[in-house]
Amino acid sequence: MKAETTIKPLKKLIKAENRAPRWVLPLVKFAIVCSDALLAFVCFALAFLIREDGAVFSQTAWAWSKEFVPYSGVVFFAIIVRVLMLSYQRVYRFHGAFSYIAEFIKVFKAVAVGSLLMIAFTFLFRGGFAFREFSYSRGVFVLDFLIALVIFSAFHIAIRYIQTLFRNREINLIPTLIVGVTAEAEQTFDVLRSRRDLGYLVVGVVPGSKVSYEPAGADFRSIITGNFKKLPEIIRELQIQEVIITDDKIPSERLFETMMQVGRKRKVEFRLAPSLFNFLPQKTSVEQIGILPMVRLFREPLSDAERFLKRLFDLVFSASVLLLTAPVWILISLMIKFNSRGSVLFKQERVGMDGRQFLCYKFRTMQEGADESVHREAYRKNIEGVADANAGDEDKPVFGKVKNDPRVTSFGKFLRRTSLDELPQFLNVIRGEMSVVGARPPIPYEVEDYDIWHRKRLDMKPGITGLWQVSGRNRISFEEMVKIDLFYIENWSLWLDLKIILLTLPAVLRGDGAR
């Protein structure tokens with residue numbers, strides 16, 4: 001007779017303890033970054049010594065040698081680019097599973113791209129004005145690449161080996177929860193328990209649906225707890241960092257709702273068994289954990305490198321626009337003052353990434369002290385999708401706006417029609433509250449009426465323009481706008497941002513949905 005599967009109360013499970021203080025891993029990462037910087041210098045210096053047969057440092061003073069002076073600017077660039085490329089390849093990520101082959105490939109990519117950037121920097125910059133006629137040795141850069149590939153590969157593979165030794169002592173393990181009492185769940189549990197080097201510590205199993213499988217292992221049965229409805233609570237109580245879904249009977253809507261309730265701030269990653277491909281978003285990746293193929297849902301819409309690139313682009317583009325449009329600002333400010341009483345700028349609370357509220361700036365287009373309840377009612381109808389939410393007509397629909405809005409001034413109509421009222425939002429971009437391209441920034445009372453899946457729009461910074469604007473702006477319904485925003489989040493690239501910016505001007509000139 002088979003033993004009955006029992007579900008233990010949450011309080012019987014024990015939260016995974018930190019075997020090392022929280023400051024240890026950041027300190028280790030910092031030490032590794034510093035070591036990489038030192039190794040970058042050593043590799044280049046060795047390449048110079050072998051190829052040029054000259055000293056790096058002066059024999060008589062604390063300075064570079066005469067032969068090495070033209071290369072001094074290159075070596076500083078080499079240090080920076082090596083560390084940045086290794087970081088871009090996520091070599092400094094020490095959570096979760098890894099393989100030595102994958103680690104070597106990451107290092108190879110980082111070293112190869114870094115060497116190409118060094119060559120480009122050297123032969124374009126030419127060491128500055130002082131060394132514009134100097135002939136740099138190509139052999140130095142070839143040797144630097146080969147030496148760096150060997151040294152960095154050996155160093156980082158050695159670090160991974162040391163990491164496995166610590167994991168075998170239950171240090172640097174991710175507190176993990178398995179959802180589903182299935183044969184696949186038990187297999188996952190057995191693999192992760194027997195392979196500590198993979199970096200996972202299973203602290204609980206939560207049934208995803210009705211339990212019909214009888215587990216064979218007593219250890220697996222002993223950590224079955226709660227139910228799927230309590231998953232967010234269990235994640236918080238046990239401080240779970242990774243959730244592995246193995247039950248294919250869980251409706252996709254329930255799973256998505258649960259993920260939204262957990263929130264991105266907790267930095268919980270969700271992995272799905274391959275049998276759940278039917279409701280995967282596009283931003284997924286298949287990874288191997290031991291012998292188990294797992295599909296990783298991206299915790300962050302953008303990686304650290306992508307976020308840095310987008311932020312850099314936002315700053316450069318916004319600063320350029322503000323500088324070029326300074327005379328326009330003066331002219332608009334004077335016209336607003338002449339047209340109606342009140343301040344030049346209109347400040348309104350909007351909801352940004354992760355639900356953070358901020359003051360969004362616009363040129364004032366309405367009478368001072370205009371009643372917001374009119375727009376609030378109009379947008380409530382837009383979210384609910386009622387028939388009279390359309391402020392336009394059947395040929396040219398306008399959603400989310402007040403029809404023949406009496407609050408708008410005569411000059412304000414011109415500003416709205418040309419979208420010039422949104423110029424001050426570039427200040428929000430400089431402050432880091434918005435992005436040049438993103439989802440439309442919602443008002444707090446709009447967010448109050450959101451369904452769970454609508455809140456996925458808040459996973460990225462709102463934008464001045466976006467795919468929603470070039471796709472019809474206010475001519476599309478709220479549901480369509482949310483789907484467009486989610487598509488943008490799932491498919492972001494710098495090229496997509498540039499394409500949207502190029503399409504924005506024609507859309508503005510056509511007055512798409514402006515009201």
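This is a predicted model: local features need pLDDT of at least 70, side-chain atom pairs count only at pLDDT 80 or more; totals for chains, interfaces and linings use all residues.
**Ile-50.** I then placed Ile-50 in the fold: it lies in helix H1, which spans residues 24-52.

**Helix H12.** I moved on to H12, residues 410-418. Which of its residues are buried? My list reads Phe-411, Gly-412, Leu-415 and Arg-416. They cover an arc of only 140° around the axis, so they sit on the same side of H12. I noted the general rule here: an α-helix has 3.6 residues a turn, so residues three or four places apart point the same way.

I also checked what the buried residues of H12 pack against. The partners are helix H10 (326-339) and strand E8 (357-363). After H12 comes Ser-419. I read its phi as positive, near 65°.

**Whole chain.** The protein chain has 17 helices and ten strands. It runs to 515 residues, and 46% of them count as buried. I looked at contacts with a separation of 6 or more: 75% come from residues 24 or more positions apart. The accessible surface of the chain comes to about 26,800 Å². Carbon and sulfur atoms hold 61% of that surface.

Methods
Residues are numbered from 1 along each chain as its sequence is written. Side-chain values use heavy atoms; hydrogens and water are left out. Helices (H or I, at least four residues) and strands (E, at least two) are DSSP runs, numbered from the N terminus. Buried means under 20% relative accessible area, exposed over 50%, partly exposed in between (1.4 Å probe, protein chains only). The arc is that of the directions from the helix axis to the C-beta atoms. Contact means heavy atoms within 4.5 Å. Accessible areas come from the Shrake-Rupley method with a 1.4 Å probe; for residues, only the protein chains shown count as cover.
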